[in-house]
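Have a look at the model before reading on.

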Amino acid sequence: MENKTVFKLFAVSQPGIEKITLLELEDLGIKGKNVPGGVEFRGGLKELYLSNLWLRTANRILVRVASFKVTAFSELVKKVSRYPWDIYFPFSQKVRIRVTCRKSKLYHSKAVAERVLKGIHHRLKHKLEKAQFEDEGTSIIVRIDNDFCTISVSSSGISLHKRGYRVVETEAPLRETLASAMILASGWDRKTPLVDPFCGSGTISIEAALIGGNIPPGLNREFAFMKWKNFDESLWNQILEDARKNMKDFPEVYGFDISERAIKAAIKNAKAAGVKVSFKVASFPEDGVPPLVYVITNPPYGKRIKVNAEKVYKKFGNWLKKSFSGYKVGFLAPYDRLASATGIKCKKILSFSNGGIRVNLYCNR
Ligand SMILES: C[S@@+](CC[C@H](N)C(=O)[O-])C[C@H]1O[C@@H](n2cnc3c(N)ncnc32)[C@H](O)[C@@H]1O
C-alpha cells in the first residue's frame, strides 16, 4: 500500500551554497525554504528519494522525527520513547548522535545524547551501538533550543558528497558538492564545451559531465533509507528507471593539469564515474580546445598548494583572453586582489569554506 506520510525534511548544505540547493530542489518540483545551513521542505517518500538521488550540492537529507518541549532529563527519556524509532532502526546498527544545546535548561550535550539513546532503546527491542569513526553509522541530530527539542535522522547514510567515484585523491581536492555548486551557480548551459585548466583529480570536470549527461550523482551508491521499515522498493526502482530514461549525451568536457600524477588520478576517477571527459597533461594549452568555452576552475591559490598565486592567476587570465573568441568563466579565489590579477572583469557570486579556507566564486556573467 502506498505510504502517504508527509515528512518534515531538511537538506543540509554547506553555508554559502544553500540558495543553489534550493534551486536544485525547485528543479525537482519541490518547494522549499532557505535557512542557514540548508533548505527546509516537506514531502513523502517520493520527495525523500528524489532529493537523495538528485541533489548535487547537499550533504545529507534529514527527516524530522520528534519535536517537543523539554526541561528535565527524565522528561527527555519519556518523550523520546513515544516516537516510532523502529521505522528508522529496524535492526541493531551503529549510530552517531550529534547534539547542540542553546539557551536551555538541558545544556550538557553528552548527557542529552545518553538520554536520547535511552529513550530510543525503550521503544526498540534491540540495541543501537555508538559509532566510533566519522561517517560510520546513521546520524541522529538533536537540537535543544530555548527548551524545545527536535530530533532528526539522516536518510542518506554516508555524506552525499561521496558519490563513489573518487578512487584516487591528489593535493587539495575540491568537495564534489562544491564543484557542482560552482558549475550550477555559474549558469553553464550544459551544452557549451566546458574546460577546467587546473583539474587536479578531475572533480569539476566529472561533476560537469554528470550534470551535462543528466546523470543523478547518487546513481551508484546506497542510502540509509533503503534499510528503513517503510522502504518502498518499487517506488525507488521507478525513480531510478525514470532517471535512466532521461540521460543525455555527454557534452564536451576538458580537464588539463601540469601534473601527470593528477591527470592519471582524474582518468581513473572519470572511469569509475562512467563519464566521458578528455584529460591531458598540459599547462594552458594553445590548441585542441574549441574557440567558445565555459571555463570553471579551482586554481592553486597558494594556501594549500605552495605557488606564486598572483603569477598563476595572471597567466590564467592572459590565456583566456588570447586563446578563445568567447568565454564565460567561473573561478575560485580567496580574496578580490587575487581575482583581479586575472585582468578579467568579474563578480563575486558565492562565498564558502573550502577545506577551512574562505573562498569566493568569481564569474564574468
Ligand atoms: C587546487 S588544485 C585543483 C584541485 C581539483 N579541483 C580537484 O578537485 O582535485 C590546483 C591544481 O592546479 C595544478 N597546477 C598548478 N599550476 C599549474 C599550471 N601552471 N598549469 C596547470 N595546472 C597547474 C596543480 O597540479 C593542482 O592539481
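1. Helices here are DSSP runs (H or I, at least four residues), numbered from the N terminus; the axes are lines fitted to C-alpha atoms over the stretch in contact, with angles running from 0 to 180 degrees between N-to-C directions.

2. A caveat: this is a predicted model, where local features need pLDDT of at least 70, side-chain atom pairs count only at pLDDT 80 or more, and totals for chains, interfaces and linings use all residues. Residues are numbered from 1 along each chain as its sequence is written.

3. Back to the helix pair: Ser 205, Ile 206 and Leu 210 of α6 meet Ala 266, Asn 269, Ala 270 and Ala 273 of α8 (contact: C-beta atoms, placed from the backbone, within 7 Å). By class, that contact has five nonpolar, two polar and no charged residues (nonpolar: Ala, Val, Leu, Ile, Met, Phe, Trp, Tyr, Cys and Pro; charged: Asp, Glu, Lys and Arg; polar: the others, Gly among them).

4. On domains, the assignment (automatic or from a database) gives domain 1 as 7-154 and domain 2 as 176-213 + 248-363. Their C-alpha centres lie 35 Å apart. Nine residues from domain 1 and 10 residues from domain 2 make the contact. The domain 1 side has four nonpolar, four polar and one charged residues.

Methods:
Contact = placed C-beta atoms within 7 Å. Helix = DSSP H or I, 4+ residues; strand = E, 2+ residues; numbered from the N terminus.
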